[in-house]
Amino acid sequence: MKYAIISDIHGNAPALRLALDDARTQGAEGFLFAGDYVISAPWSNEVIHLLKHTPSAHFIRGNDEDHLNVPDGDDGQYEVSRWCAGNLTPENRRWLDTLPQQITVSCGNVVIRMAHSSEAFVGKSLHERFRTSILPSRYPDGPVCRDTLLQDFRSLWEGDAFRRHIQRLPKGVYVFGHNHIQTWADYDGRILINPGSCGLPLDCGRFGAAYTLLTIENGRCSVEERRVPYDVEALISQVKRTGQYQSARVWSETIFSEWRTCREKVFFLLQHAEEYAFRIGDPRRPFARETWEAAYADFHAVSPEQYPYLYV
Ligand SMILES: [Fe+2]
């Protein structure tokens, strides 16, 4: 049995179509979707339509499905989530609300466990040490390339403490997403797979729709990471013609920047907006639209030294 594992699509239906087509060409018969289907690119309804029409598919929910519960208002901070929530059909919203946090899928004697965050399986030991906010201090000399990032990941995963934790888990496959970094490892029959982000990869300069193939034959597993390239500038041109771009320009532009660089930007924009609002003495949260837009302009005026991880 060959599974395609796909996570963190974030409304990017064109990327999902490419991943699904590639997976079928590669002989995938089953599909495991690890959450975060909505928010960021403007095609969440199209994504859900594709998901519902994918046969032999299993789903869990991600944290962005919860971010659809955005308060009413005209602030800038939540404008992309509000636009997405307002454009989802009621039927699609109900479908998302039915998704479980975790599932288990059996293939012969191999058990596949799936949760959106690795925290469900390995606690904070992995999740905390690679969360976006610490990347600048982890790589203070500036932009990190994918090989360095993965080497660093491996050195953490191969540490004694992490191994001891993993070896307490039952043997089987553990699927998660959430940090948008594609990677996998096998610890004596405990196989960890993060397929990366299909729609918004943030693993430092490896472009294209990310997903991972898992083949199970006679109780043995093999893993292949896939990346399907596409034209990011053409995608950005499409987004500029949507209502999301009109309603949520700052968010959309920030996502364009993430697509162009495969690096986190949103976290740093939020951090900068907090500093900016404090500087101008605006205590309103979520950020008022004018503060949000001014903070975005100010964010782009800062020197590369202040946010070295952002610049490539
Ligand atoms: Fe995500």
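The legends below describe close-up views of a predicted model.

Because the model is predicted, local features need pLDDT of at least 70 and side-chain atom pairs count only at pLDDT 80 or more, while totals for chains, interfaces and linings use all residues. Residues are numbered from 1 along each chain as its sequence is written.

**View 1. The sheet that holds S1, S2 and S3.** Five strands form an open sheet with mixed pairing in the order S3-S2-S1-S9-S10; strands (E, at least two residues) and helices (H or I, at least four) are DSSP runs numbered from the N terminus, and two strands pair if DSSP finds at least two bridges between them. S3 and S10 stand at the edges, each with a single partner strand, so one side of each is left without a neighbour in the sheet. With direction ignored, neighbouring strands of this sheet are turned by 20° against each other on average. Strand S1 (residues 2-6) runs parallel to S2 and is joined to S2 by four bridges, and S2 in turn pairs in the parallel sense with strand S3 (residues 57-59) over three bridges, Phe59 in S3 being the bridge partner of Phe33. On its other pairing, S1 meets S9 in the antiparallel sense over four bridges, where Ile5 stands opposite Thr212 in S9.

**View 2. The two crossovers of this sheet.** S1, helix H1 (residues 13-25) and S2 make a right-handed β-α-β unit, and S2, helix H2 (residues 44-52) and S3 make a right-handed β-α-β unit as well. A crossover is right-handed if, with the strands pointing away from the viewer, the path from the first strand over the helix to the second runs clockwise. H1 lies across S1, S9 and S10, and runs at about 30° to S9.

View 3. Tyr3 lies in strand S1 and is buried, with 26 other C-beta atoms within 10 Å; a residue is buried if 20 or more other C-beta atoms lie within 10 Å of its own, exposed if 12 or fewer and partly exposed in between, with C-beta atoms placed from the backbone. Leaving aside residues up to four places away in sequence, Tyr3 touches Ala28, Gly30, Phe31, Leu32 and Leu214, contact being defined as C-beta atoms, placed from the backbone, that lie within 7 Å. From strand S2 (residues 30-33), Gly30 and Leu32 point one way and Phe31 and Phe33 the other way, and all are buried.

**View 4. The S9-S10 hairpin.** Strand S9 (residues 209-217) and strand S10 (residues 220-228) run antiparallel and are joined by nine bridges, with Val223 in S10 as the bridge partner of Leu214. The two strands form a hairpin with two residues between them, and Asn218 in the turn has a positive phi of about 50°.

**View 5. Packing of H1 against H2.** H1 and H2 pack at an angle of about 25°, with their axes 9 Å apart; axes are lines fitted to C-alpha atoms, for helices over the stretch in contact, and angles run from 0 to 180 degrees between N-to-C directions. H1 and H2 are therefore roughly parallel to each other, given that angles under 35 degrees count as roughly parallel, over 145 as roughly antiparallel, 65 to 115 as roughly perpendicular and the rest as oblique. Ala13, Leu16, Arg17 and Leu20 in H1 meet Glu46, Val47 and Leu50 in H2. The residues of this contact divide into five nonpolar, no polar and two charged, where Ala, Val, Leu, Ile, Met, Phe, Trp, Tyr, Cys and Pro count as nonpolar, Asp, Glu, Lys and Arg as charged, and the others, Gly among them, as polar.

**View 6. Packing of H11 against H13.** Helix H11 (residues 232-240) and helix H13 (residues 249-261) pack at an angle of about 170°, with their axes 10 Å apart, which makes H11 roughly antiparallel to H13. Val232, Leu235, Ile236 and Val239 of H11 make the contact with Ser252, Phe256, Trp259 and Arg260 of H13. The residues of this contact divide into six nonpolar, one polar and one charged.

**View 7. The sheet that holds S7 and S8.** An open sheet of five strands with mixed pairing has the order S4-S5-S6-S8-S7. Strand S4 (102-107) and strand S7 (182-187) stand at its edges, each with a single partner strand, so one side of each is left without a neighbour in the sheet. S7 pairs with strand S8 (residues 190-195) in the antiparallel sense over six bridges, and Leu192 in S8 is the bridge partner of Ala185.

Note on methods. Two residues are in contact if their C-beta atoms, placed from the backbone, lie within 7 Å.
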